[in-house]
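Subject: Handover of a structure

Dear colleague,

Please find below the structure that I am handing over to you. My findings follow it, and I would ask you to read them with the model open.

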Amino acid sequence: MAASDTERAQQQIDEIEALSSIYGEDWCVVDEDEKIYCIKINDCLDQPKWTLCLQVILPPGYPTAEPPIYQLNAPWLRGQDYMELANVLEEIYVQNLGESILYLWVEKIREVLIEKAQSSDPEPDIKKTSEEVDDVDDFLLDYQPVQEDPIKMLNYITSESQEADEELPSIHHGNPITDRRSTFQAHLAPVVTPRQVKRVLEKLHENKKIASATHNIYAYRIYCEDKQTFLQDCEDDGETAAGGRLLHLMQILNVHNVLVVVSRWYGGILLGPDRFKHINNCARNILVEYNYIPSVEESSKQAGKSKKIRKDNRKRTEH
């Protein structure tokens, strides 16, 4: 059954919120009503030599029925370079028909820029540097579990002894984000079975502070090797659509075998759409911290390093 206009609109909202969380200040809203956005992309050197701006317009039929309308802007990007990059982006679209593809486009462009920085291509005539700002919150909520006060949670009742005996995964806690008296904090655990998901959720709710949160939103993805598919689910816990947006972020980042819970303590002031931004940022930060995904900078440097190794190998082969 074809996706409805409402479903497509929601897919666009989820993708935009995820990308905003991933790219931070490099993501720019040009016109919200017209769905026009701009992403600054560079080669991730300390002083970037190769930069490019990808501007996209999301038509009503995107992602299931229409591609994004895009424009590549860079002083050095002309002629053959433009055509080659445009062909690559269109190939990605064809290979992923019906899917959200902006993240794939951005990372492919970044890969091209890194390749240029690593190659003997002359530097572009005009250099631009991007300013990176790391938001580090000094305030950390301590995790203080209550050892002997188990509670029933979401009707998760273990019926077999082997279920109860399954090992409890380690649970990690991220730095909180506070905005207008509301506080958001992410918790993460490696999981490979739904039973472990239940055990982690139960354990978290033994903590009085976490149990008292206004919302405990969660999503998980488990990769099933035998079926080569994902087992995944999410929970809003009263924050409408928040679980689905969190799961969408995890899908875009392609993380697996992990549960992410984001607790929100409401402070009495409505945050509007900003609350979803904070939920995604908390989740992404803890996934980076515990190496489920590299930071944008680390990912790009690694890509550049592997290309340099391949290039050096080719040189040795030629001699």
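In this predicted model, the side chain of Arg221 makes a polar contact with the side chain of Gln232, at 2.8 Å. The side chain of Arg221 also reaches the backbone oxygen of Val255, at 2.9 Å. Arg221 belongs to strand S8, which covers residues 215–224.

Is Arg221 buried or exposed, and how far away is the nearest side chain of opposite charge? Arg221 is buried and has no salt bridge. The nearest side chain of opposite charge is that of Glu99, 9.4 Å away. A salt bridge requires the nitrogen and the carboxyl oxygen to lie within 4 Å. Leaving aside residues up to four places away in sequence, Arg221 touches several others, among them Phe230, Leu247, Met250, Asn254 and His256.

Leu247 and Met250 are among the buried residues of helix H7, to which I turn next. What do the buried residues of H7 pack against? Their neighbours are the helices H1 (5–23), H3 (102–118) and H8 (274–289), together with the strands S8, S9 (229–235) and S10 (258–265). Just after H7, Asn254 takes a positive phi of about 55 degrees.

The salt bridges deserve a separate paragraph. As a general point, side chains of opposite charge can pair when their charged atoms come close. The count in this model comes to 12 salt bridges. One of them joins the side chains of Arg245 and Asp14, with 3.9 Å from N to O. This pair links distant parts of the chain, since Arg245 is in helix H7 and Asp14 in helix H1, 231 residues apart. Arg245 is buried, with a relative accessible area of 10%, and Asp14 is buried as well, with a relative accessible area of 11%.

A further salt bridge is formed by the side chains of Glu239 and Arg275, at 3.0 Å from N to O. Glu239 lies in the loop between S9 and H7 and Arg275 in helix H8, so the pair ties together parts that are 36 residues apart in sequence. Glu239 is buried, with a relative accessible area of 7%.

Arg180 and Asp179 also meet in a salt bridge through their side chains, at 2.9 Å from N to O. Arg180 is partly exposed, with a relative accessible area of 36%, whereas Asp179 counts as buried, at 17% relative accessibility. Asp179 and Arg180 are linked with Asp274 and Lys277 in a network of salt bridges.

Elsewhere in the chain, strand S4 (residues 69–73) shows alternating side chains. Strand S3 (residues 51–57) runs antiparallel to S4, and 5 bridges join the two. Leu72 in S4 is the bridge partner of Leu54.

Finally, here are the values for the chain as a whole. The secondary structure comes to 9 helices and 10 strands. Buried residues make up 42% of the 319 residues. Of the contacts between residues at least 6 apart in sequence, 67% join residues at least 24 apart. The chain exposes about 17,600 Å², of which carbon and sulfur atoms supply 48%.

With kind regards

Key: Residues are numbered from 1 along each chain as its sequence is written. This is a predicted model: local features need pLDDT of at least 70, side-chain atom pairs count only at pLDDT 80 or more; totals for chains, interfaces and linings use all residues. Side-chain values use heavy atoms; hydrogens and water are left out. Buried means under 20% relative accessible area, exposed over 50%, partly exposed in between (1.4 Å probe, protein chains only). Helices (H or I, at least four residues) and strands (E, at least two) are DSSP runs, numbered from the N terminus. Two strands pair if DSSP finds at least two bridges between them. Contact means heavy atoms within 4.5 Å. Accessible areas come from the Shrake-Rupley method with a 1.4 Å probe; for residues, only the protein chains shown count as cover. Lys and Arg count as positive and Asp and Glu as negative; His and the chain ends are not counted. A polar contact is a pair of N or O atoms within 3.5 Å; within protein, one must be able to donate a hydrogen and the other to accept it, and residues adjacent in sequence count only if both atoms are side-chain atoms.
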